[in-house]
Structure formats: structure tokens, C-alpha cells
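Please look over the model shown here before reading the numbered points that follow.

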Amino acid sequence: MKATSNRGLCVVVVVIGLLAVSPVVYGQGGNFDNVTITTTQLDDNLYYLQGQGGQIGVLAGPDGVLMVDTQFAPLTDRIVAAIRDISTEPIRFALNTHEHGDHSGGNANLAAMGVTVMTRDELRAALAGSANPPARLPMVTFGGPVTFHMNGEIARAIPIAVAHTNGDTMVYFEHADVLMTGDFYRSEGYPNIAIQNGGSLKGMLAGLGRVIGNSGPNTRILPGHGPIVDRDAVRAHRDMMLVLMGQVQERLDQGMTEDQIVAAGLTNAFDSQVANPGTTNERFIRQLVQELS
Ligand SMILES: [Zn+2]
């Protein structure tokens with residue numbers, strides 16, 4: 001553990017709680033004045049940062065720094081300062097697990113500092129086509145797996161098709177045995193299929209299968225949001241999705257409306273095992289109805 005303060009942790013907990021219930025997280029809005037960045041060491045050269053939004057992976061050492069996700073643009077200075085506490089080597093690469101602003105918002109700031117930002121082709125296209133395109137778009141795009149050989153680590157960026165969005169990537173750090181998933185797996189709140197960003201139920205389930213298949217019993221899985229878990233937690237999460245999917249399908253077959261299915265309280269049985277559910281239960285049921293109709 002490095003540079004961690006209790007106050008910072010409290011801020012992070014409160015903020016993550018808000019994110020679980022707030023649909024505003026994709027944009028750059030909000031007040032970031034009180035956000036502090038906390039750093040946690042995962043392995044010799046691997047860390048993750050928490051502030052507001054998705055968790056940032058930092059692989060640091062003599063070969064320079066690789067970042068996975070960049071959080072909101074107003075936080076870039078604080079994030080870079082936190083990285084400088086880890087390493088003074090140049091930040092060479094930043095890649096995104098997906099397009100949402102709480103994961104990619106800092107891209108343009110980093111690009112202006114000379115960082116090479118790399119994303120899926122779909123992610124770059126989504127940023128370019130958004131209502132407020134960033135000042136700088138990713139310079140390097142990829143359609144298949146990309147492997148980084150840096151700082152004694154092998155980091156594999158693995159595209160996950162149409163899951164949380166249409167441009168998801170998970171990153172596996174072989175030496176550390178750490179897998180970063182982005183938001184197609186979250187260890188708090190109910191799943192979020194961002195259908196408006198090209199996500200799909202089928203792709204989410206397939207992506208969770210990839211996580212489980214790529215993980216051993218000791219693999220630490222670092223989600224886009226929420227605490228680190230192991231593959232058993234991801235299995236349980238997928239099982240919950242399958243049960244709810246079946247229950248929603250059954251009610252659709254009986255002719256129930258979306259609101260009737262929401263009112264049926266299907267998620268009540270799972271609320272005790274989902275951290276910070278907020279209103280994500282309703283959101284997820286509505287997404288299931290949309291996907292299964
Ligand atoms: Zn997201």
C-alpha cells in the first residue's frame with residue numbers, strides 16, 4: 001500500500017456508492033474538487049488508482065508506464081501526480097477498457113503530454129462520433145489482442161465483443177496474475193448492459209465466460225468498479241444473470257409488461273449478495289427486458 005489515506009478511502013467509498021445509482025457517470029460533468037487519488041500496490045510493478053470513476057491500472061518501471069483507463073479529464077493532474085509518486089519514468093501508453101467518460105475522459109490530456117493512447121477501433125469511432133468529441137482521439141487502434149512487454153511483465157489486452165459496450169477490452173497481467181475487466185464485470189451493483197453504446201447481454205455473458213476461463217484459482221480480478229474478487233465471485237455473478245434472464249424471459253412469455261416485470265421484485269433474492277445495489281436492480285431488469293423482447 002502506498003499513499004493511501006483514510007479520508008481518501010472514505011471519498012472513494014462514497015463516490016462509488018453514488019456511481020452505482022447515478023446515470024451521469026459517462027460524461028465529464030460533476031464536481032471533482034474533493035476527489036483524492038489513492039494508490040494500491042498489487043505486485044512489484046503493478047498498482048491501481050482510485051479516484052472518481054473506473055479503477056486505473058498502472059504498470060510502472062524502467063521501461064516506462066502503461067495506464068489502463070484514465071478516469072475523468074478534470075482529474076488528470078491528480079492522477080499524473082499519483083503516478084509520479086510511483087515512478088518518474090515517462091508515461092508511454094494509455095489504453096481504455098471502454099468508452100465511458102469515467103474510464104476514458106483523461107485521454108486527450110494525456111495525449112497532449114505525449115502519451116500514446118490506444119483503444120479498440122470501435123471505441124475510437126464512438127468517441128469521434130460523440131456529441132462532444134475529445135480534442136485528441138486515440139492515435140493507435142486495434143481489433144485483436146495486443147501484448148505489452150514492459151517492466152518484466154506481460155500485459156495482454158484482449159478485446160471482448162459487444163459486452164458492456166461495443167468496444168470493451170480486458171487486460172491480463174501474467175506475472176502479477178491480475179485481470180482488469182472494465183465494466184462488463186463489476187463487483188458492486190447489478191450488471192450494466194450499456195445497450196445505447198452497443199453493449200449486449202449475450203456479449204456480457206460471453207465476456208464473463210472469458211474471465212472465468214482465463215483465470216486460475218489465485219487470479220485477482222480487478223473490476224471496473226468495486227473490490228477485487230476471484231473467479232468464483234464472477235461465476236456467481238454470471239449465475240445470477242442467467243437466473244434473472246430466465247425469470248424475465250418466462251414473464252415476457254406470459255405477456256407481462258416491462259413495468260409489471262420490474263414490479264415483480266425478481267432481484268430481491270439477490271440483493272443481499274450484491275454490494276451497493278442502489279437502483280441498479282431496476283436498470284438491469286429493464287435492460288434484460290429490452291434484450292430479451
Ligand atoms: Zn462503463
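1. The axes of α7 (residues 231-253) and α9 (residues 280-292) come within 10 Å and cross at roughly 60°, where axes are lines fitted to C-alpha atoms, for helices over the stretch in contact, and angles run from 0 to 180 degrees between N-to-C directions. Helices are DSSP runs of H or I with at least four residues, numbered from the N terminus.

2. This is a predicted model, in which local features need pLDDT of at least 70 and side-chain atom pairs count only at pLDDT 80 or more, while totals for chains, interfaces and linings use all residues. Residues are numbered from 1 along each chain as its sequence is written, and side-chain values use heavy atoms, with hydrogens and water left out.

3. In the contact between α7 and α9 (heavy atoms within 4.5 Å), the α7 residues include Met 241, Leu 244 and Met 245, and their partners in α9 include Phe 284, Ile 285 and Leu 288. By class, this contact of α7 with α9 has 10 nonpolar, 1 polar and no charged residues; Ala, Val, Leu, Ile, Met, Phe, Trp, Tyr, Cys and Pro count as nonpolar, Asp, Glu, Lys and Arg as charged, and the others, Gly among them, as polar.

4. Helix α6 (residues 201-214) packs with α7 at an angle of about 155°, their axes being 9 Å apart, which makes α6 roughly antiparallel to α7. Among the α7 residues that meet α6 are His 237, Met 241 and Met 245, and the residues of the α6 contact with α7 divide into 10 nonpolar, 2 polar and 3 charged.

How values were computed
Helix = DSSP H or I, 4+ residues; strand = E, 2+ residues; numbered from the N terminus. Parallel < 35°, antiparallel > 145°, perpendicular 65-115°, else oblique.
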